[in-house]
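Thank you all for coming.

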Amino acid sequence: MSEAVLQHSEQSQPLDIVVVDDDQLTLDMVSWNLRRTQSAHRLFTDSEAAMAHLCESMPGMLVVDYYMPTINGIDFLSSLHAAVGFEGSSVYLCSAVFPRQRQIEQITALGASVLDKREICNRSALLGLLEAQQRVTGNK
Amino acid sequence: MNSAQPDGEGHTSTGAQLTPDEVNDHKLNHDLRASLAITNGFNQALDSSFSELCVSFGQLLDSQASSTMMDVELVNKVEQLEADCRFCLSRMSRSLEKLNARLDSDSRLQIQTSSSEREEGS
C-alpha cells in the first residue's frame with residue numbers, strides 16, 4: 001500500500017474519521033499518522049463531547065478506545081448504537097489487549113470490530129486500514 | 001485516567017465477572033501495552049523524519065556548494081523536518097515517562113501483593 005494510492009482513492013471519496021481516546025499521546029500519534037492524507041479527522045479525549053458530536057454526525061470510520069475514565073468503549077458503542085445505529089460507518093473498538101470472548105461477541109453483535117492499538121500507532125498499518133476502508137466505501 | 005472497568009466489578013455488564021485484582025491486572029496490562037505501542041509509533045515516526053532530514057540536508061549542502069543562491073524551498077523543508085523530529089522526540093519522551101510511571105505502579109502492586117501473600121501465609 002502506498003500513500004499515493006491512498007490519496008488517489010481519497011480524491012474520489014474522502015474518508016472522515018473520528019477517534020475517541022482519553023490518551024492525548026495516542027491522538028497525537030493518530031494525527032501524525034494521518035497528516036499528508038486528505039482524510040478529514042476529528043479527535044476527542046472527552047467521551048461526552050465525542051458522543052454529542054457522533055449523535056449529530058456519524059463518520060465513515062469511528063475508532064473508540066477500550067479503557068476511558070468515565071465510560072468503557074463497549075458501553076460507549078452500545079449507547080451510540082442505540083442512539084443512531086452504525087449503518088454506513090465502520091466502527092472499531094481499539095484496545096492494546098485482546099478482549100475476552102464474551103466482549104468480542106458483544107462488539108460483533110453491535111456490528112463493530114476489534115482493532116489492535118498498535119495498528120493506529122503504526123503509520124503503514126493505519127494507512128493500509130484506511131485504504132481497505134475506502135475500497136469498501138467505494139464499492140457501496 | 002483510564003479508570004472505567006470494562007469487565008467485572010460493578011461497572012458494566014460487558015463480560016464475565018472478574019475479581020478486582022483481575023480487573024486491575026487487565027487494565028495495567030492494557031496501559032503498558034498502549035504505552036509501548038505509542039512509544040514504538042513515535043520511534044518509527046522519528047526514524048523516518050530523521051532519515052528524510054538527513055537526505056534534505058545533504059541536498060541543501062550540495063546546492064550551496066554549487067550556487068551562491070539559497071534554495072528557499074529546500075531550506076523550508078529542512079526546517080519543517082527539523083520541527084517534525086523535535087515533535088516526535090518530545091512525544092517519545094512523554095510516552096517513555098508514562099511507560100516508566102506505569103511500570104513503577106506495576107512494581108508497587110507486585111510488591112504489595114507479595115507482602116500480603118506473605119502475611120496471609122504466616
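Let me begin with a definition: the accessible areas I quote come from the Shrake-Rupley method with a 1.4 Å probe. Please keep in mind throughout that this is a predicted model.

On that basis, chain B exposes about 7600 Å², and carbon and sulfur atoms supply 53% of that area. As for its secondary structure, chain B has two helices and zero strands, and buried residues make up 34% of its 122 residues. If we take the contacts in chain B with a separation of 6 or more, 63% of them are between residues 24 or more positions apart.

Let me turn now to chain A, and to strand β1(A), residues 16-20. This strand runs parallel to strand β2(A), residues 40-44, and five bridges join the two. Within that pairing, Val19(A) stands opposite Leu43(A), while Val20(A) stands opposite Phe44(A). To get from β1(A) to β2(A), the chain crosses through helix α2(A), residues 24-34, and this β-α-β crossover is right-handed. Strand β1(A) also pairs with strand β3(A), residues 61-65, again in the parallel sense, over four bridges, and here Val18(A) is the residue that stands opposite Leu62(A). How enclosed is β1(A) by the rest of the structure? Four of its five residues are buried, so the strand is largely enclosed.

The next element is helix α4(A), which covers residues 73-84, and which reaches 16 Å from its first C-alpha to its last over its 12 residues, close to the 16 Å expected at 1.5 Å a residue. At its N-terminal end the helix is capped by Asn72(A), with a side-chain oxygen that lies 2.8 Å from the backbone nitrogen of Ile74(A). After the helix comes Gly85(A), whose phi is positive, near 75°. Which residues of α4(A) are buried? They are Gly73(A), Ile74(A), Asp75(A), Phe76(A), Leu77(A) and Leu80(A).

Is Asp84(B) buried or exposed? Its relative accessible area is 5%, and because the cut-off for buried is under 20%, Asp84(B) counts as buried. Its side chain makes a polar contact with the side chain of Arg35(A), at 3.2 Å. Not counting residues up to four places away in sequence, Asp84(B) touches Trp32(A), Arg35(A), Arg36(A) and Ser49(B).

The second residue is Ser95(B), which lies in helix α2(B) as well. Ser95(B) is also buried, at 1% relative accessibility. What does the side chain of Ser95(B) reach? It reaches the backbone oxygen of Arg91(B), at 2.7 Å. Leaving aside neighbours within four places in sequence, Ser95(B) is in contact with Leu25(A) on the one hand, and with Ser35(B), Ile38(B), Thr39(B) and Phe42(B) on the other.

That is where I will stop, and I am happy to go back to any of these residues on the screen.

Note on methods:
Residues are numbered from 1 along each chain as its sequence is written. Chains are lettered from A and ligands numbered from 1 in the order in which they are written. This is a predicted model: local features need pLDDT of at least 70, side-chain atom pairs count only at pLDDT 80 or more; totals for chains, interfaces and linings use all residues. Side-chain values use heavy atoms; hydrogens and water are left out. Two strands pair if DSSP finds at least two bridges between them. A crossover is right-handed if, with the strands pointing away from the viewer, the path from the first strand over the helix to the second runs clockwise. Buried means under 20% relative accessible area, exposed over 50%, partly exposed in between (1.4 Å probe, protein chains only). A polar contact is a pair of N or O atoms within 3.5 Å; within protein, one must be able to donate a hydrogen and the other to accept it, and residues adjacent in sequence count only if both atoms are side-chain atoms. Contact means heavy atoms within 4.5 Å. The expected span of a helix is 1.5 Å times one less than its number of residues.
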